[in-house]
Amino acid sequence: MTLKRTPLKRHKPLKAKPRSKGNRGELAVREILRDRGYTSTRRNFQSGGQGGGDLIEGIPGVHLEVKHQERLAIWDYIEQAKADARPTDIPAVVFRSNRRDWHVAIPFEDFLRLVEEARA
């Protein structure tokens, strides 16, 4: 018995390529940082293959990974940031999905240290 296959028809057009959405996310975070005074922040075009954060020369002592995705694999992103960060840097994942605010995930101990430093 042979099954006849009919071609699938797409009811909705394909969404923008994920890479372009990621690029827009990196640019958006870069602009936010520049508006806050981190004017030397720039994108790291070699972050995918050569290591390093998505944004460099931004916040001293912080390794930034930027994710703009609808389905977050936050633990994977945290592991990526930890693996790529220098031992002296705080691994940070800046993330959002459409129509939501930007958030950041950092280790809790680093968060507590930052809060305590701000109090002093």
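**Reading a predicted model, feature by feature**

Reader: How does Phe111 count at 40% relative accessibility: buried, exposed or partly exposed?

Author: Burial is judged by relative accessible area, with buried meaning under 20% and exposed over 50%. Because its relative accessibility is 40%, Phe111 counts as partly exposed. This applies to a predicted model. Phe111 belongs to helix H4, which spans residues 108-119.

Reader: Which residues form a nonpolar patch on the surface?

Author: Phe111 takes part in such a patch together with Phe108 and Val115, and the accessible area of the three together is about 280 Å².

Reader: Where in the protein chain is confidence lowest, and where is it highest?

Author: Where pLDDT is low, the predicted coordinates should not be read in detail. Here the lowest confidence falls in helix H2 (residues 47-50), with a mean of 54, whereas strand S5 (residues 103-105) has the highest, at 96. Over the protein chain, the mean pLDDT is 84, and 79% of the residues reach 70 or more.

Reader: Is His68 buried or exposed?

Author: His68, located in strand S3 (residues 62-68), is buried because its relative accessible area is 12%, and the cut-off for that class is under 20%.

Reader: With which side chain does the side chain of His68 make a polar contact?

Author: The partner is the side chain of Asn98, at 3.2 Å. When neighbours within four places in sequence are set aside, the residues in contact with His68 are Lys21, Gly25, Arg96, Ser97, Asn98 and Trp102.

Reader: How many salt bridges does the structure hold?

Author: Side chains of opposite charge can pair when their charged atoms come close. The structure holds 8 salt bridges. One of them joins Glu26 and Arg43, with 2.9 Å between the closest N and O atoms. That pair links distant parts of the chain, since Glu26 is in helix H1 (residues 18-35) and Arg43 is in strand S1 (residues 42-43), 17 residues apart. Both Glu26 and Arg43 are buried.

Reader: What separates Arg34 and Glu31 in helix H1?

Author: Arg34 and Glu31 form a salt bridge whose closest N and O atoms are 3.9 Å apart. Because they are 3 residues apart in helix H1, about one helical turn separates them. Arg34 is partly exposed, with a relative accessible area of 30%, and Glu31 also counts as partly exposed, at 32%.

Reader: Which residue forms a salt bridge with Arg42?

Author: Glu57 does, and the closest N and O atoms of the two are 3.0 Å apart. Arg42 lies in strand S1 and Glu57 in the loop between strand S2 (55-56) and S3, so the pair ties together parts that are 15 residues apart in sequence. Arg42 is partly exposed, at a relative accessible area of 37%, and Glu57 counts as partly exposed at 45%. Elsewhere, salt bridges that share partners join Arg30, Glu31 and Arg34 into one network.

Reader: What is the phi of Glu57?

Author: Glu57 is not a glycine, yet its phi is positive, at about 55°. Arg99 likewise has a positive phi, of about 60°, although it is not a glycine. Glu57 is placed in the loop between S2 and S3, and Arg99 in the loop between strand S4 (90-96) and S5.

Reader: Is Arg99 buried or exposed?

Author: Arg99 is exposed because its relative accessible area is 77%, the cut-off for that class being over 50%.

Methods. Residues are numbered from 1 along each chain as its sequence is written. This is a predicted model: local features need pLDDT of at least 70, side-chain atom pairs count only at pLDDT 80 or more; totals for chains, interfaces and linings use all residues. Side-chain values use heavy atoms; hydrogens and water are left out. Patches are made of residues with over 30% relative accessible area and no salt bridge: like charges are joined within 9 Å, nonpolar side chains (Val, Leu, Ile, Met, Phe, Trp, Tyr) within 5 Å. Accessible areas come from the Shrake-Rupley method with a 1.4 Å probe; for residues, only the protein chains shown count as cover. A salt bridge is a side-chain nitrogen of Lys or Arg within 4 Å of a carboxyl oxygen of Asp or Glu. Helices (H or I, at least four residues) and strands (E, at least two) are DSSP runs, numbered from the N terminus. Buried means under 20% relative accessible area, exposed over 50%, partly exposed in between (1.4 Å probe, protein chains only). pLDDT is the predictor's confidence in each residue, from 0 to 100. A polar contact is a pair of N or O atoms within 3.5 Å; within protein, one must be able to donate a hydrogen and the other to accept it, and residues adjacent in sequence count only if both atoms are side-chain atoms. Contact means heavy atoms within 4.5 Å.
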